[in-house]
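Good morning, and thank you for coming. I would ask you to look at the structure first, and then I shall speak about how some of its parts pack together.

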Amino acid sequence: MQTERKIRVGIVGLGKMGILHTALVNMIPQARLTALYDIDKKLAKYVDNSGLQVPFYSDLERMLNEVELDAAVICTPTYTNLPMAEELVKRRLDMLVEKPLAHSLEAAKKMAALAAGAGIIHATGYLLAHVALYRRVKDLLADGVLGRVFRFRSSIYISEVFSRKKGWFYSREKSGGGVVTHIASHLIYLLYSYFGPVATVFARTQSLYSEVEDCATAILEFAGGTVGTLDVSWSIPGYRLTYVDLTIEGENGTLEITNDYIKLYLYKPVREYPKEWTNIYRADLPSCSDFELGGEGFYEEDKDFILACLERRPAAVSWQDGLEVQRIIEAIYRSATSRKIVGLEEIG
Amino acid sequence: MIKLDRLILGSNTFEGVSYVSRSQSLHYLEHFGRPENIVAVLEAAFSLGVKTFTCSYTENVLQALEAFRHSQEISLLPVIPNVYEYARDAAEKGVLGTIVDRAKRVDMYQKIRFGLRALGKIKSVISRDILNLLVELVDFELASFKKYRMASVILHGQMTDLALSSHNKNIIDIFQAVIRDNYDLQPILATHNFGTLLPQLVQWGIRIPIMAPLNQKGFMMKPTKEACEKLIRETDYPIIAKKVLAGGRLSPEDGFSYLTDKKTLAVVVGVGSVPETYHTFSVARSILKIPPA
């Protein structure tokens, strides 16, 4: 009897996201969780009684020498993504890296170049690409239900930072930025996946509690002509979970998408959608995931990566996509600093 | 085996959870941020004979319990640990740092309640001993509920599902041992992965009531609605149904009608106002044929 091939996966970094990906990979039938790495030696005890039955290493090179892997999930602090990728690509491992792709545009460019040159499967952890409601909107737009899209307004908020914070996450040098890099990047990916490349950016950011920005507002003009606003804050009360609200205006009507629903208004019937209102709630959509941990989309994200490795096809969100998001983030920061409109062609 | 009231008041709305809209979530946060509004719902539910209440370790709920005149006549089902609080703070302090911080915060309280035991046990955090840590979290969070009658203690779905996905029987074993031995209560496991959890528990030889989504729309029923329904039909495992109104997308009439031919130990449902409390629980009693208390 032929044994089905499984992708042998190592998890690199056992913080909050590393623990989550460890558990998720362990539940994917086409994957075999094979090794765990973290610089903190004391985590050996955690792994020992976690029930996972996989070896733990605090020395990355030793892990790579002793264990045969096909793929790795990188969940270490953002500033280590590039050195980790450089190390792992030498072994030609496929890689899923937690978002953002890197802590700087230069590092992101190097990572995208690494991946392109090595012929590996590469994925960036932009979760919204794997959530049913947002996928439905992508299909709606691709099917031309709204017709030509000319305008949007969008926001992403979470109630998280209300005092001075410590740690690498709040250091610009190590994390690459604040709420734009770590929260808005999800929405920026979504806008990029819906409307294509960005042409120009005009932005303002504000730091309230630490050296990184806590809120930002930007006007984005896309190469296809769509123009819209992006507003982000992690210092706003009333949002216990990250909440997205995006309204898109097109020649056939408008569409609002949030974490909870899609509200579509059409001036005339288009395809299967009637004139005026169509409401699609999260609870109305059929389950698109066999398992759930950490919220909708995480399991699908990991499964897409594993299947991409098996089938040698591109993952849903590549490092090239991650780089495009990083270019938009860089444009937002440059515009906020220069107080001028920044063209993406200046970013390189 | 555990004995529970058939109808249980849920607490998601008190924490601002809504699957319908941001405006509803904001309304819940604002409305139930005032403990007297929680008390009003508790009073309405109590008057209808609903005397069991799931709750998390949150300030507004604890204050409401203090103010509720029948708080000694109801049974609580605390859901622990409060995973979302740890997850939120983990970005700054790391997962274990967050737990250390939490442990330090309640240390004075623990000293009064349990003597000096807690300080010594923080070592389990520093040594990354997750199993010892779970025992500590249970003790820390249940301390606030000890003055009330507890019907059982529910392990948070994210913890159950983390144990499940790590194939970590030890977490479940330790949780049930602590709840049984230290609190003389029967444990319950919450999950969002009923169809995966139940076969695993059977394989492990563990029989603990499971609280899982069960609704006509299949909302949050993993891996599929059909797989979950089949398991309920073919096993006699004790199930507590939650998300029975599919996060507000089903009327109480439709939501409870779906449950009439499903074997369930109890049904948990949250409400957003006093009128909704009267309507929802009256419909539940009528459709599920639960005699008035």
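Helix axes are lines fitted to C-alpha atoms over the stretch in contact, and angles run from 0 to 180 degrees between N-to-C directions. Helices (H or I, at least four residues) and strands (E, at least two) are DSSP runs, numbered from the N terminus.

This is a predicted model, in which local features need pLDDT of at least 70 and side-chain atom pairs count only at pLDDT 80 or more, while totals for chains, interfaces and linings use all residues. Residues are numbered from 1 along each chain as its sequence is written, and chains are lettered from A and ligands numbered from 1 in the order in which they are written.

Let us begin with chain B. At what angle do helix 2 and helix 3 of chain B pack? The angle between helix 2 (residues 35-47) and helix 3 (residues 59-67) of chain B is about 60°, and their axes are 8 Å apart. Helix 2 of chain B is therefore oblique to helix 3 of chain B; angles under 35 degrees count as roughly parallel, over 145 as roughly antiparallel, 65 to 115 as roughly perpendicular and the rest as oblique. In helix 2 of chain B the contact residues include I38(B), V39(B) and L42(B), and in helix 3 of chain B they include V61(B) and A64(B). Contact here means C-beta atoms, placed from the backbone, within 7 Å. By class, the contact residues of these two helices are seven nonpolar, two polar and one charged. Ala, Val, Leu, Ile, Met, Phe, Trp, Tyr, Cys and Pro count as nonpolar, Asp, Glu, Lys and Arg as charged, and the others, Gly among them, as polar.

I turn now to chain A. Helix 10 of chain A, residues 319-338, reaches 28 Å from its first C-alpha to its last. Of its 20 residues, 16 are buried, so helix 10 of chain A is largely enclosed by the rest of the structure. A buried residue has 20 or more other C-beta atoms within 10 Å of its own, with C-beta atoms placed from the backbone. Just after helix 10 of chain A, R339(A) has a positive phi of about 60°.

Helix 8 (residues 179-195) of chain A crosses helix 10 of chain A at roughly 120°, and their axes come within 9 Å. Among the residues that meet are I188(A) and Y192(A) in helix 8 of chain A, and V325(A) and I329(A) in helix 10 of chain A.

Finally, 37 residues of chain A are in contact with 41 residues of chain B. Helix 1 of chain A gives the most to the side of chain A that touches chain B, with five residues.

How values were computed. Two residues are in contact if their C-beta atoms, placed from the backbone, lie within 7 Å. The expected span of a helix is 1.5 Å times one less than its number of residues. A residue is buried if 20 or more other C-beta atoms lie within 10 Å of its own, exposed if 12 or fewer, and partly exposed in between; C-beta atoms are placed from the backbone.
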